[in-house]
Amino acid sequence: MAHHSITRMACANWKDGEKTCPKEGTSACGSCRLVVYCGRDCQKEHWGEHKKDCNSPLKKWDWRPTWDREDRDPVWAHGEAATNIHNPFGLERHLWGNTPAMDVLALQKNEGLGYDKDLTLLFAASGDLRNMVKTIQNLPDKFKKQVNITLNDRDLGVVARNAVMLLLVLFTLEDQSDQTDIASLAETFMHVWYSFMIPGETIAQLNSKVKVQIQEVCEQIAEKKADALLAKTWQFKSGCTLRLVLKKKDWDQALAFLELPDHLDRDKAVEKRHAVVLAPERLDYRERGYFKDASLPMRVAKRRFHEDGMLLPFGNSRAGFDHVNPTLFQGGDIWLLDDRADPLTGWPIKEVKATPFVAAEDAYGRLLFHLRRVFSAFIRRLATGKFHFEFFNVDAKDLGTHVKNGTCDRVESSNITDICWLGTRPTLQSLSPLLKPPHQNRHATLITIYQNAVLEIINQEDQNKILDISECILYLTKTRVADLTTKPQGAEQYRIWDSRNLFFEVDNLFKKYMGIIKFDQIGTAFDVAMKAKNTIGDPWPTRLKLRMGQPGAQEEFDGILGSCWTGLERYVEWKRTK
């Protein structure tokens, strides 16, 4: 087990290559609330180092992005970038979530807490593991039946990485049984998932518990044809099983994903990551993101994560995190995520903020403590429950050849219903038959997400007729109103533009989208119906829930505006009609 578990908030009095205070931090810096100290003496001693962050220009109300200060147009104002609403940069591999994690069962509101039958769940385009983790974490303690979970993604890197992380947990539980330090294992799981650099002990665990297993499979199938589909099932004393189904050539790739090229040392890996997340040509985009944050210290925290990429409390030493995480390079020398990828985007902001934390403005440190609790609960459930995991690497529309019709209690399909991916009709045609019919489970549900639907309607209509920006100004109280007329490409204009999504009449816009796509006709064609009211997830999980003037309304607005969400994400739930 790794020896770098963050069981407490460390005193922030440290500097690379010099002594580190071993005491617990109990008092936050009153100016930034990003770091904690054990006492006044350490705070004074560390000021020479800390003042660079505490007095950062980003932490001042009058800070403006570079393009605004230079009185020039931002790079997206012209050319190809002006026509691309997403403006991606980097590989955009879906290794981290981009919508809040959800419990796809919500048993209490559906089958009931006393449900005593086996459950079958399908994550048809899983992306990362967050929805599966949250679902298992939320299972009632008294639920003792088997849960069959299929995780599929068409991206081999996603499938292999998810399987590796889950195997790491299951083999650690297998080897250590009752002696397992659940909190430390939860942090190991978390750092493999999110941290650019990880401890050497974690690398050793990946090699001894997972790599040897995949290597053994590769040796056994060495003579098979490259396209031969081959499965391996691991059984664990806890009662869990994990089955991974890949082509022979992809098993070989999965093994390579746990290795780094010889030339990719730490310095080279930092350079490769910075070429994406700190790309000079993306400065305007980064600073637009910083400017949206009403929490000024949060700007500093985001910059730190951009710089070092480690999910650690802001003030904690990075000592010991000195090995490149191979799962974020997967055998190559290119950073696999885009420059907007952020661990915070995959988890419900309200739940993260509710986690007690001394350094109140350190969102990434707070996320670490939140995820340690979530992952610990998840791992305890794995250690005591009956779970069968099955991983596939196929296109979602082809899952019918691997999953039997009428067997699933839940199918979660991410946003493949968006037009830019598979679309509504092909998704329902392919996945709805996999649901159990109503006479077997009337709560069986297909969960779909539309991330781009409302934007597609907005882009077809006159923006000025849709939105009165006066509502935005009520929340953006420090707006330099004069800039709105004198600087048409200024930062204030773009902050208003970014906040506008939170005030559209989204229900009406989505109804227009439903009409264009012909939801009713598609549902009739495939014997499914859109639920009149969601029973599992919030239909608009990233919308404002409070009205201006209500307690917490400003904080809610600030949190959503500062996130990577658009505020237009729509969750639609479908049920079979027969």
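Helix H5 meets helix H12 through Ile182, Ala183, Leu185, Ala186, Glu187, Phe189, Met190, His191, Trp193 and Tyr194 on the H5 side, and through Leu368, Leu371, Arg372, Phe375, Ser376, Phe378, Ile379 and Arg380 on the H12 side, where contact means heavy atoms within 4.5 Å. The residues of this contact divide into 13 nonpolar, two polar and three charged. Nonpolar covers Ala, Val, Leu, Ile, Met, Phe, Trp, Tyr, Cys and Pro, charged covers Asp, Glu, Lys and Arg, and polar covers the others, Gly among them.

The model is predicted: local features need pLDDT of at least 70, side-chain atom pairs count only at pLDDT 80 or more, and totals for chains, interfaces and linings use all residues. Residues are numbered from 1 along each chain as its sequence is written, and side-chain values use heavy atoms, with hydrogens and water left out.

Two packed helices are described by the angle between their axes and the distance between the axes. The axes of H5 (residues 182–194) and H12 (residues 363–384) come within 8 Å and cross at roughly 115°. That makes H5 roughly perpendicular to H12, a term for angles of 65 to 115 degrees. Axes here are lines fitted to C-alpha atoms over the stretch in contact, and angles run from 0 to 180 degrees between N-to-C directions. Helices are DSSP runs (H or I) of at least four residues, numbered from the N terminus.

For the cysteines, the count of disulfides (pairs of cysteine sulfur atoms within 2.5 Å) comes to zero. Cysteine 38 has its nearest cysteine sulfur, that of cysteine 42, 3.6 Å away. Cysteine 38 is partly exposed, with a relative accessible area of 27%; partly exposed lies between buried, under 20%, and exposed, over 50% (1.4 Å probe, protein chains only).

Methods
Helix = DSSP H or I, 4+ residues; strand = E, 2+ residues; numbered from the N terminus. Parallel < 35°, antiparallel > 145°, perpendicular 65-115°, else oblique.
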